[in-house]
Amino acid sequence: MKINEQIAIDHGLKKEEYKKICDLLKRVPNLTELGIFSAMWNEHCSYKSSRLHLKKLPTSGEKVIQGPGENAGVIDIEDGDAIVFKIESHNHPSFIEPYQGAATGVGGIMRDVFTMGARPIANLNSIHFGSSQNKKTKNLLRGVVHGIGGYGNCMGVPTIAGQTSFDSSYNGNILVNAMTLGLVKKNKIFYSKAAGLNKPVIYVGSKTGRDGIHGASMASASFDEKIEEKKPTVQVGDPFTEKLLLEACLELMAGDSIIAIQDMGAAGLTSSSIEMASKGNLGIELNLNKVPCRESKMTPYEIMLSESQERMLIVLENGKEDLAKKIFDKWDLDFAIIGKTTNTKNIELYYDERQVATIPINTLVENSPMYDRKWKKTKLPKKNLIKKEEFKKFKIKEVLGKILSNPNVCSKEWIWQQYDHTVMGDTIQKPGGDSGVVRVHGTDKAIAATVDSSAIYCWAHPLTGGKQVVCESWRNLISVGATPIAITNCLNFGSPEKEENMGEFVECVQGIGEACEYLKFPVVSGNVSFYNQTKEIGIKPTPSIGGVGLMKNYKQMITMDFKEINNLVLVIGKTEGHLDQSLFARNILNEKNGPPPEINLFNEKNNGESILQLIKNNLIKTAHDVSIGGIITAVSKMCIKGNKGIEFNKPKYFMNEIEYLFCEDQGRYVIEIDPKDLKKVISILDKNSVHFDELGKIIDKNMIINQKTKVTIDELKSYNTNWLKEYMN
Amino acid sequence: MKVSAIITLKKDVLDPQGKVIHKTLDGMGFKDVNEVRQGKYFEIDVKENDPKKAQKIVEDMCNKLLANLVIENYKIIEIQ
Amino acid sequence: MKSAVITFPGSNCDRDMHVALNKFGFKNQMVWHNDNELPKSDLVVLPGGFSYGDYLRCGSMASKSKIMQSVINFAKSGGLVMGICNGFQILVESGLVPGVLLRNRYLEFICKNVFVKIDNKDNPYFKNLNKEVFEFHIAHNEGNYFCTNDQLKEIEDNNQVAIYYCNNNGKTEEKFNPNGSLKNIAGIFNKEKNVLGMMPHPERMIDKSLSGEDGSFFFKNLINNIR
């Protein structure tokens, strides 16, 4: 087939990009070569629209062993242990086929982690659906949850936390972000950098089929009317094979046979072979006849671009082939020597004894396009003036009922009960808390992890929103007693070719960067997903932040269930009454304008560190951060979980009660303390200049908000737990 | 009329179950197997008495619910 | 006391079981499904997980693996064989205990704590247990126990039901049945009561930081009974 501009455009390349390819090669590429370029140069693999901005994120720190650029990030958790973690999107495939899309998303992120030598110890996910009124939402939700469970449960890795939201901006483009954490010894981490000449290149795992050919290009194309045509590219996941692959890889990694290893994810054999060679500044030669294929007569083009799952590429030490083969035979997996490293700095492909492609690797990687896209700044919206009289028409109890049963606040038990969250025997905080917590097997240490996003705030003001998500992640770790260490981010946005969407991206990234820098909470891995839109309308900007923290003694872990009657409840951090963009403003007042709550990084850090200090001194019984829905929502959840009530003190503040209870000022926590510790607590808070309010004391069975308003715990429970269950049945 | 339909994975779609069943059969001594593909079988009794119309109804069901056309094909194998 | 845990391809509670058995005094050995011989053991455990991906029917292909012949012989000679979750499914598929395990009633995987009642104590597993109601953890997609009426009669006549789902007071009513199991059955013995299959995972409840500690009672009692 003679290649021309139109074929390049059909591969998702731009005119100028095709011209650049011809210039770099000094000739017209053949079809296989064009396929390779289109896969490597698309947004998903090349980060061409985002690279420039991602560079600004803080990615190093004393605990960072490996920042972005590898299969996953790695942080030091002392005693020779390290945690490998990353979050990744699988949005477009999940909208087309929710079960397989979500399942292979989970499979892919687990491979990224065990490729580095780490045994996965926890999964998390952040999933976002269209409005509950949208007729597709229910099936998509069910399919995605079954897919995540189907894969993670079979792998025997607990799913310990997650986030689910509903918003009409996801009606035509759901988000499925999956995160995995793995545990590894610091001196047994494996990287993807090839080294040495004539080293055998090994293919292991499942056979190659015609799955997902051009999946990576699909992830970079927005949905349009022709969506049906894209269906055959969906991959099918096989968690059983992945479980075998995990065990086989870890068995091989226990020795010293592997020079470099890389999983075949997006753009399969193409990106894995090129990345390993590129990092090692080497060439690579592959004989495609040696690649184990599932179907007959697969062409070089198909073999290179297949996205069949559960496959790995390894550069092995010479002479270790037999030992490696034995291990993969034991686990009943395909094993083939398909090529070698060379000094040509080219990727050279052979098929039927003919050279079918030869491309200088630097043209695919270093010379890939990078764009400084036009972007538009978002002005800080004007604050709304809400008249005090307006609040009079609301009954607190009614509002509370609506807020607690709101799809974005209500209990997600229906979802996480379908995920095995206790396998591996180390889960000490289950889903439904501020963070999931797993012990580091056989030690006193524990790892806390959380995944968060705040699309509403990011949409209203991306810079503030970006900061806010990082802070929320930080608070969720602190609330369980963990010291925050680092984050991974999954940046879900609309089209970078639209100035508004690109602006949202640039400013969210800037906000994330500022907060990470200030809190010393670096970004160690992540992924960007653009083109999340249907037709012309982009989703609300949705950066998902996966935060990880360490607890040196897991027995000091804090949960959010109220513990004991007569204990005191304090609110840490100042309540100022910011209602714009709050759940109350948007859903009760129906006011969708205004700025999100402001982020004060000094307070955020100071309040958080003070909470940790209180926890270290065993002064906190229960903690929970205040997020959407305000103080009363936070406290309600603490009541529900602990099956205890609370009697609010007579307010000492100068604002309307509704503002006080439902506002969403940042940097706040609700804590429970023993009355005998009050003095000690106050002294620490005063010394650190942390503002606090005494909210009330714990009682039995009722939430007494004021003289006129009393809610029973059973009422709170029914508001909070019924919505999702009823919606799904 | 009783309409029978089978649903199978499309030709190029990975069938993890078939693959593992194949290996197990092999391990049990059934050495002559080239490939195993697993599918689903439905018997649907419809009120319609005209075979052509009955077939159409079940095809419609396959298109809309029984088969996942992203990865599966269906075939009406019997109408009686 | 020696125990053996079999690892099938796709087993994923094998390590958890190993940890639990060792914690309560067993000297446990892991055994690969493709081995022919069992090591000398006082207890053999088929662990939970997704052997062979749960493909075809849960446990069906594991029941045909090499080691199972030795496990069956060991059971037939009176040895203690315990199957947890997927291990229970393997026991059922290999015919060591009667019945089948269907998909859960609401067709969803369930991972949560449940209460179970153990009042059948005339056997090596539960003899000397000093309470009846336990809080155990379940995590399965196919735990819906079913058997024919004739089988059920035989099972009940022989007192083979080992464990029932119940509430915190030990009431075994339908509404406390998480998965649709016939008669709230969560676990069952063979006729001789040396083979036990159960859906709940006692190995996930051996520490108060985990889902609970009722698994500890079970293991402590078990090793004392074997001693």
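In this predicted model, helix α3 of chain A, spanning residues 31-41, packs against helix α11 of chain A, residues 268-279, with axes that come within 10 Å and cross at roughly 75°. On the α3(A) side, the residues in contact are Ile36(A), Ala39(A) and Met40(A), and they meet Thr270(A), Ser271(A) and Ile274(A) of α11(A). By class, this contact of α3(A) with α11(A) comprises four nonpolar and two polar residues, with no charged residue.

Attention now turns to the strands of chain A. Strand β3, residues 81-89, is mostly covered, with eight of its nine residues buried. Strand β3(A) pairs with strand β2 of chain A, residues 73-76, in the antiparallel sense through four bridges. Within that pairing, Asp76(A) has Ala82(A) of β3(A) as its bridge partner. The two strands β2(A) and β3(A) form a hairpin with four residues between them, and in the turn Glu78(A) adopts a positive phi of about 70°.

Strand β3(A) is also joined to strand β6 of chain A, residues 175-185, by nine bridges, and these two strands run antiparallel. In this pairing, Phe85(A) stands opposite Leu181(A) of β6(A).

The final topic is the interface between the chains. Here, 15 residues of chain A are in contact with eight residues of chain B. The side of chain A that touches chain B contains eight charged residues, together with four nonpolar and three polar ones.

Definitions and conventions
Residues are numbered from 1 along each chain as its sequence is written. Chains are lettered from A and ligands numbered from 1 in the order in which they are written. This is a predicted model: local features need pLDDT of at least 70, side-chain atom pairs count only at pLDDT 80 or more; totals for chains, interfaces and linings use all residues. Two residues are in contact if their C-beta atoms, placed from the backbone, lie within 7 Å. Ala, Val, Leu, Ile, Met, Phe, Trp, Tyr, Cys and Pro count as nonpolar, Asp, Glu, Lys and Arg as charged, and the others, Gly among them, as polar. Axes are lines fitted to C-alpha atoms, for helices over the stretch in contact, and angles run from 0 to 180 degrees between N-to-C directions. A residue is buried if 20 or more other C-beta atoms lie within 10 Å of its own, exposed if 12 or fewer, and partly exposed in between; C-beta atoms are placed from the backbone. Two strands pair if DSSP finds at least two bridges between them.
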